[in-house]
Amino acid sequence: MYKIIAKRLLAPNIYLMDVAAPRVAKAANPGQFVIVKMDEKGERIPLTICDYDKTAGTVTIVFQTVGCSTKKMALMEEGDNFSDFVGPLGQPSELVEEDLEALKKKNIMFVAGGVGAAPVYPQVKWLHEHGIDADAIVGCKSKDYLLLETEMKLVTGNLYIATDDGSYGYKGFVTDLLKDLIEKEGKKYDLVVAIGPMIMMKFIAQLTKNYGIKTIVSMNPVMVDGTGMCGGCRLTVGGVTKFACVDGPEFDGHLVDFNEAMRRSTQYQTEEGRAEIERQK
Ligand code: FES
């Protein structure tokens, strides 16, 4: 059993939980994910790792309530237990594997959309701990939905906020802000890492392709069971079939067939999930 040590409401319908899972915490790297189950009969829910504390033996997850299972999960409180907490799964971010000295020479920009701030955070934090301060853009629909601002400020070089309604920071989409930073403020980036809704990653990849900036995206949104068995996360990258859960979740954003991935992702959402997403728009 995996006990919930702490629970926090980050934004409307978005929760953070610290879960006691020492073996997962010990092996975790930025970019990886876990699969949780509330009880024996519960649905398997894949979630990216938002943070981990190898000493305390805890793993932090962030989730948004979009259907029956996540709503049930939101009702769990500190002291309650998950029956399964499997991980770390997937490949670590390629940044972790890169030569540190080469990485230090690069200007890196992270772009997070909505709940994407959760998987971006451990990567920026890891870089910070290794002497590299990357820039980051965090975008959300309004100030109320901004996640992890305080935490991100501590580990980024420059943190830029974009809200759709202009209630905080830049008014507009993360793509417009990135374009402005590059074209109006003369910022130069060697690498962009974009994590968020598929449509956002698609447009960021289109934009950076024009500038010739290498771009990594995280294809978590297409996962179903996360084991390499169901085929739900199949996607095409550079004309080759890949499975996000075992080959990814991160891929070269300029090679991902986003249109196909978006079609498949809609197909796999439950009726309830689709209705809930529509309601929250
Ligand atoms: Fe089922 Fe990847 S999520 S194969």
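Author: Of the 281 residues of the chain, 43% count as buried (20 or more other C-beta atoms within 10 Å of the residue's own, with C-beta atoms placed from the backbone; exposed is 12 or fewer, partly exposed in between). This is a predicted model: local features need pLDDT of at least 70, side-chain atom pairs count only at pLDDT 80 or more, and totals for chains, interfaces and linings use all residues. Residues are numbered from 1 along each chain as its sequence is written.

The chain has 11 helices and 16 strands (DSSP runs numbered from the N terminus: helices are H or I, at least four residues; strands are E, at least two). Its C-alpha trace spans about 55 × 40 × 40 Å along the principal axes.

Now the domains. The assignment gives domain 1 (2–89) and domain 2 (94–218); such bounds come from an automatic or database domain assignment. Their C-alpha centres lie 24 Å apart. Across the boundary, 13 residues of domain 1 are in contact with 11 residues of domain 2 (C-beta atoms, placed from the backbone, within 7 Å).

On the domain 1 side, strands S1 (2–11), S4 (45–53) and S5 (58–64) each supply at least two of the touching residues. S4 gives the most, with 4 residues. By type, this side divides into 8 nonpolar, 4 polar and 1 charged. Here Ala, Val, Leu, Ile, Met, Phe, Trp, Tyr, Cys and Pro count as nonpolar, Asp, Glu, Lys and Arg as charged, and the others, Gly among them, as polar.

Methods:
Two residues are in contact if their C-beta atoms, placed from the backbone, lie within 7 Å.
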